[in-house]
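Student: I would like a close look at one part of this model, and then a connected account of what surrounds that topic. Please keep the answer plain.

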Amino acid sequence: MHKIKIIVFLMVLIVSSQLAAQEHLIVNVYNRATTSLNGQWNYIVDPYENGFYNYRLEAFEDQENPGNGAFFLNAKPKSKSDLIEYDFDISDSIQVPSDWNTQKENLYYYEGTVWYKKSFDYKKSENQHRVFVYFEAVNYEADVYFNGKKLGKHIGGFTPFNFEVTNLLKDKDNFIVVKVDNKRKKEGVPTLNTDWWNYGGITRDVKLVEVSNNFIENYTIQLNPENKNQIKGYVKLNGTEIAKKEIQIDIPELKLSKTIISNAEGVAVFEMNSKKIQYWDTKNPHLYQVNIKSVNDKITDQIGFRTIKTKGKEILLNDESIFLRGISIHEESPITGGRGSTIEDAQQLLNWAKELGCNYVRLAHYPHNEHMLRLADKMGILVWEENPVYWTISWENEATYNNAENQLSEVINRDKNRASVIIWSMANETPTSEPRLIFLKKLAAHTRELDPTRLISAALEQSDYNGDPTIRTINDEFANVVDVLSFNQYVGWYDGLPEKCGQISWKILQNKPVLISEFGAGAKIGFHGDKLTRWSEEFQEDVYIQTLKMLEGIEQLQGFSPWILVDFRSPRRMLPKIQDGYNRKGLISEDGKKKKAFYVLKNFYDTKSASN
Ligand code: GCU
């Protein structure tokens, strides 16, 4: 009976993950042998989308004979009389992965369409093999064409997607064209206004993934939250011959090996038992090599096994209560200053977090690149991942909901085997309303279906208790849905001066762990004054001192992730000589200098971890 229950539960899991995410997102491309398409790509800036629509605003791609205006054809004049009004190969080039804003001065504020083109030769290692092009992220909308044919469209700037090119691929002179459009839209996710820079471009790695014709497309391998001596999951094959196939899962270090048989859909579920598992935790982030082998394919992953739960007001990692010493991070490169994408970027940001005394980071407000999660796994840093449902989204727009759900499914599919990821956040600072509640409840239900092993939260907003502004509470029905109650609060910065912290008490009615997802203050590095001088390091320092004292008053407090590790670009921050296009709430300036408040938080965390 128990076995059937496991099989049914896992089947539901698999079906819902397929239905939701773009079809056939390949999991763990990170560890596959791939061919990089990174490097210089030619580009054409096309604010009028002249390469996409004819003068009647009809899309070329919908036409039988699109003609020479269609940029996706990468057309060349066939005679000296031919009229073609673009040429990628003599156009300027730009680096991929990266954003266009910090690479080209004239594109710093540009929002719109930019066409990217890359030509390459590619010889498959075996004729019957299949080839996919895999994008780690493109902000925001990507229309992808290969050798003049439309592969598909992806919406969402922070999650991976892939398209098959097997039947279009040639040994020589392939060309891939991507129409990238980062225009902000009311019905978008995120919507029109955010407090971060709307970096446009092919912002993360692009790879060619060559696999056998029946390959391992997807798998979940996690510790059973109900039984710490059991590793369970499923493997899903992709191909034409995937039924009744042998699949082998090995965890050599645990001397575990299991052979399972796929069903008609190419799916096989399994469980393996061991009393010798070294559980992954922040002090000992032990990762096991896991090998998955099918008839024609094999892949390796490094997976940590741990449980994460809540019990009353506690967060339990491997059944032990843990205080989350965190910091919020935006995905900006401390090296190039633009959108972060490299392992060096990730390493620098997480090294700073470690230096601060953190065992936890909030990756805001969208999924960051996979290097962050892989490094967090190795460094023993717990992670909050967030879907970019930010501020006032179009709650009643079905396409907006599907877009939000799809982005969530993609990040869950990418990171569900990462031990470091403990919390899926549905949203940030969204105004309470019935349509919003329905929207977020659906997202949460979808997340629980896809991944019942992790905690759900969202950065909510606090309000007065019974109209008394000196008592703060969480008055939000979505607080009943989340596992961890999180909210942003800015007493001392947007709400009064630092000393106001001393006048505030908290009345949190939910018997749940509380995480303060944001608090903080702005400071210009090197600007000094008394602690009432806004923008001075002393003001920010005092906000931290007062806030840390105030938050100790929250009985359910289990951690926080102050806003923010590093100053970051924002089009909403224009105060000359202070902000100059940066949100200055970082504890570290954009050029890597630490502010006084950095040490206030570090001392607090060092004391906290010493007492744990
Ligand atoms: C908000 C928001 C952040 C923003 C921060 C700020 O709470 O979540 O995205 O940057 O406040 O105002 O600095």
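What is the orientation of α6 and α7 relative to each other?

Tutor: The model is predicted, and every value below is computed from it. Helix α6 covers residues 537–551 and helix α7 covers residues 596–611. Their axes come within 7 Å and cross at roughly 20°. Angles under 35 degrees count as roughly parallel, and α6 and α7 are therefore roughly parallel to each other. As for handedness, the crossing of α6 and α7 is right-handed.

Two other helix pairs can be described in the same terms. Helix α4, residues 398–415, and helix α5, residues 434–450, have axes that come within 10 Å and cross at roughly 30°. With the limit for this class at 35 degrees, α4 and α5 are therefore also roughly parallel to each other. α4 passes α5 in a right-handed crossing. In the remaining pair, helix α2 (residues 343–355) packs against helix α3 (residues 370–379) at an angle of about 45°, and the two axes are 9 Å apart. That angle makes α2 oblique to α3. The crossing of α2 and α3 is right-handed.

H365 sits in the loop between β22 (360–363) and α3, and the peptide bond from A364 to H365 is cis, with omega near -25°. A cis peptide bond also joins N139 and Y140, where omega is about 25°; Y140 belongs to the loop between β5 (130–135) and β6 (141–146). A further loop, between β12 (227–238) and β13 (246–251), contains K244. The phi of K244 is near 55°, which is a positive value in a residue other than glycine. For reference, most residues other than glycine have a negative phi, and most peptide bonds are trans.

The remaining topic is the ligand. The shell around the ligand has 14 residues, of which D195, Y390, E429, Y494 and E518 are the closest. By residue class, the shell divides into five nonpolar, four polar and five charged residues. E518 places a polar side-chain atom 2.7 Å from an oxygen atom of the ligand. For N583, an N or O atom of the side chain is 2.8 Å from a ligand oxygen atom. For W563, the corresponding separation between a side-chain N or O atom and an oxygen atom of the ligand is 3.1 Å. Taken alone, the ligand exposes 320 Å², and the protein buries 96% of that area.

To return to your question, α6 and α7 are roughly parallel to each other, with axes crossing at roughly 20° in a right-handed sense.

Notes:
Residues numbered from 1 in each chain as written. Predicted model: local features only at pLDDT ≥ 70, side-chain atom pairs only at ≥ 80, totals over all residues. Heavy atoms only, no water. Near = heavy atom within 4 Å. Polar contact = N/O pair within 3.5 Å; in protein donor to acceptor, adjacent residues only side chain to side chain. Areas by Shrake-Rupley, 256 points an atom, 1.4 Å probe, with all protein chains shown as cover. Nonpolar A, V, L, I, M, F, W, Y, C, P; charged D, E, K, R; others polar. Axes fitted to C-alpha atoms, helices over the stretch in contact; angles between N-to-C directions. Helix = DSSP H or I, 4+ residues; strand = E, 2+ residues; numbered from the N terminus. Parallel < 35°, antiparallel > 145°, perpendicular 65-115°, else oblique. Left-handed = near helix turned anticlockwise from the far one by under 90°.
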